[in-house]
Amino acid sequence: MTSVVCNPVNLAYRYQDLRPMSGGRTVHREAADPSVIRYRGRFYLFASMSAGFWHSADLRTWAYRASTKLAPLDYAPDVREVNGVLYVSASRQTDSPFYRSEDPLADDFTLVNPGFPFWDPHLFQDDDGAVYFYWGCSNKEPVTGVRVDPDTMDRIGEPVPLFGGDPDRHGWEQVGENHVKTEPTTELAKRIAEYLGDAPFIEGAWMTRHQGTYYLQYAAPGTEWNTYADGYYTSSSPLGPFEYAPNSPFSSKPGGFITGAGHGSTFQDEHGNWWHASTMRVSVHHEFERRVGIFPAGFDADGVLFCNQNFGDYPMLVPDRRVDPWTGTFAGWMLQSFRAKTTASSSAEGHSPELAVNEDVRTWWTAATTQPGEWLRVDLGEERTITAIQLNLADQDLAAHAPELTDLAEVAPAQRAIYPHGQPTETLIEVSPDGEQWYPVSDNRGSDEDAPHAFVVLEPAQRARYVRVTAGRMPFDGPFSVSGLRVFGTGNGPAPAATTARAKRVDDRTARIEWEPSATAYGYNVRYGIAPGKLYHSWLVYEQNDLDLRTLNAGADYWVAIDSFNENGITTGPVTKIA
C-alpha cells in the first residue's frame, strides 16, 4: 500500500545535555549522518548520538531500539551487511571498534575488532565477496580506502588516499551559508576559523556499485550550513583511481523549510526503488543540532546518480511498487499555511505566532508559559481542502527545565551526555470551517508519544479554514514551541503563471539567476543541471525572484528552469542555458 511521508523524518530524536567549549549549556535534539540499509525485510537506520537505532518495515513508521552494546556517544555510525550479517562501526576520538549482529533487535552486537582511530567509517562488500573500508572527515586529509578481511576486519595491504576537496573547481564545496564565508564574531570562533581555514570538510563516504561502476559518495562543505550536500566520484575499481562526477552534488537541499542533504546513504527498497537518506540542518542551539531526511534517488540511462529533492520537504509518496522517482513520488499536496494569519493563547518575547508559518525551521513560536492547554491557531483565509498537517516542534530554553546530567563525556569537542529515550510531545490537532465548531484529526494526549515532527494524513481529506493545535505534556515540562505548523492540501484557484529565467555565468563556479515575479506565486523552485534533460538539482525559495547560484562545477555547462508555485499548484518554466 502506498503511504505518504514528509521530511524531516519523524523520529524520536535523542536529547543531549551539551556543554560547549565556549561555556554555557544547551539541551537539544540530535541525529545525523544516517546509515540506512534493508536487512531481512526491515530497514535499519543508525544515526549519530542515538545510543541505539531505528527500524521500519515501510519507511513510514520508525521504532527506536536502544542498545546496551554499542557506545551511546559515537558519531557517524555505519551499518552494512557482510556475508549475511550486519557490521557496525562509528567514529570516536580513540580506537573505533567493529561490531557484528545477526539479530539487531535482540541487541546481540559482539565485538569483532577493536579497530583504529578513524572518523566517518564505511564498509562495502563487492559482488566477489571482497570487503573494503573507507573513512575520512577532514579539511586537510583525503578520504581513504583499504581492503579488509571480511571475518576479522583486519586491514589487507596499505591504505589508499582517494580524493580530497577541490573548492576552487567545485563551487558546492565552498564553505559558508549560501557558500558565502562570513567573518567570525567571537574570539573562540576566530580561533576555530584560523585553525580550519577556508577548506571544506570532506567526509561521510558511502559506496554504491551500479552496473559495474563504483560510486563513492561524500559530503561537503560542513554540516552547519544550508549548503551541506553529497557529491560523488566514480571508478571501475573499489580503490580507484576515481573520477569526479560533474553532476555533483547529487544530493543538495539548500532551500525550503529545512535545509541540508549531506552525509548520507543510498539504498534500495523491496521494489527496487532507490532512496538517499541524509542530514538536515537546524543548527540553532548548536552546530550539531540536526535531523534526518529521506529522498527518492536513482540512476539515469547514462549512469548519472541523482536525488529528486524538488519540494523535498513537502508530502512524498512511498510507493508499493517500482516507480519513476521523478513522477511517482510527489504527493501533489501544496502548502496552504504559508504566511497565514496566526493567533495564540500567549507568546514568549521574540517568538510571535507568525514564526510558525514562515517556512523556516530555525525560527519558532513559543508560548509564554509551560502549562498544558497553550494553543496556536492558523486561519487560511477561506475553506480549503486539507489533506495533511505537519507539526514541527522546537526546543526553547530547555536547559532551564531539563535536569543536569552528571555522566558527561568529552566528545567533538564538548562535554555531553544523552537523556533517556522518549520525551512526551502530546498535542491535540483540530480543524474547523468557521472557528467555532472544531473537529479533532489527531490527539495523542496521555500517550507519552515522542513525535517532534508529527505528520498527520487526513483520511478522508477535510474542507476547513482553521487549524488549531493545543499542547499537552511537552519535553521536560518546557514550553510549547512550534517551528512549523504546516498545512497541506489544495487551494481554490489556479496555479500561478509561468516565468522564465535570465541566467548569466558570473565566474566558473557562480551564476546569477533572475526572473520576473509571477503575480500569484509565493515561491519558486529553481531547477538546474548539466544538460537540458538533466535538471537534477533544485533550490526552493520563497518571496524572492533572484538567486546567486554558487554551486557550479568549473568547466561544465548548465541549464536552468524556474517553476512558480502557490497553494494551488506548480507551473513549470522553460529551460534556459546559463550564458
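1. Lys-253 counts as buried in this predicted model, because its relative accessibility is 4%, and the limit for a buried residue is under 20%. The side chain of Lys-253 meets that of Asp-313 in a salt bridge, with 2.7 Å from N to O. This pair links distant parts of the chain, 60 residues apart. Lys-253 belongs to the loop between strand 21 (251–252) and strand 22 (259–268), whereas Asp-313 belongs to the loop between strand 25 (305–307) and strand 26 (316–318).

2. As a general point, side chains of opposite charge can pair when their charged atoms come close.

3. How many salt bridges does the structure hold? The structure holds 35. Another of these pairs is formed by Arg-527 and Asp-563, whose side chains meet at 2.6 Å, N to O. Arg-527 counts as buried at 16% relative accessibility, and Asp-563 counts as buried at 4%.

4. Some salt bridges share partners. Through them, Arg-502, Arg-512, Glu-514, Glu-516, Asp-546, Asp-548 and Arg-550 are joined into one network.

5. Arg-384 and Glu-382 form a further salt bridge, in which the closest N and O atoms are 3.9 Å apart.

6. Ser-346 is placed in the loop between strand 28 (341–344) and strand 29 (365–366). With a relative accessible area of 16%, Ser-346 is buried. What lies 3.0 Å from a polar atom of the Ser-346 side chain? The backbone nitrogen of Ala-368 is found at that distance. Leaving aside residues up to four places away in sequence, Ser-346 touches Trp-365, Thr-366, Ala-367, Ala-368, Thr-369 and Glu-374.

7. Strand 5 (residues 42–46) is mostly covered, as four of its five residues are buried. Strand 4 (residues 35–39) runs antiparallel to strand 5, and five bridges join the two. Within this pairing, Ile-37 stands opposite Tyr-44 of strand 5. The two strands form a hairpin with two residues between them, and Arg-40 in the turn has a positive phi of about 50 degrees.

8. Strand 5 also pairs with strand 6 (residues 52–56). These strands run antiparallel and are joined by three bridges. Here Phe-43 stands opposite Ser-56 in strand 6. The hairpin of strand 5 and strand 6 has five residues between the strands, and Met-49 takes a positive phi near 55 degrees there. Strand 5 is accordingly joined to strand 4 by five bridges and to strand 6 by three.

Definitions and conventions: Residues are numbered from 1 along each chain as its sequence is written. This is a predicted model: local features need pLDDT of at least 70, side-chain atom pairs count only at pLDDT 80 or more; totals for chains, interfaces and linings use all residues. Side-chain values use heavy atoms; hydrogens and water are left out. Buried means under 20% relative accessible area, exposed over 50%, partly exposed in between (1.4 Å probe, protein chains only). A polar contact is a pair of N or O atoms within 3.5 Å; within protein, one must be able to donate a hydrogen and the other to accept it, and residues adjacent in sequence count only if both atoms are side-chain atoms. Contact means heavy atoms within 4.5 Å. A salt bridge is a side-chain nitrogen of Lys or Arg within 4 Å of a carboxyl oxygen of Asp or Glu. Two strands pair if DSSP finds at least two bridges between them.
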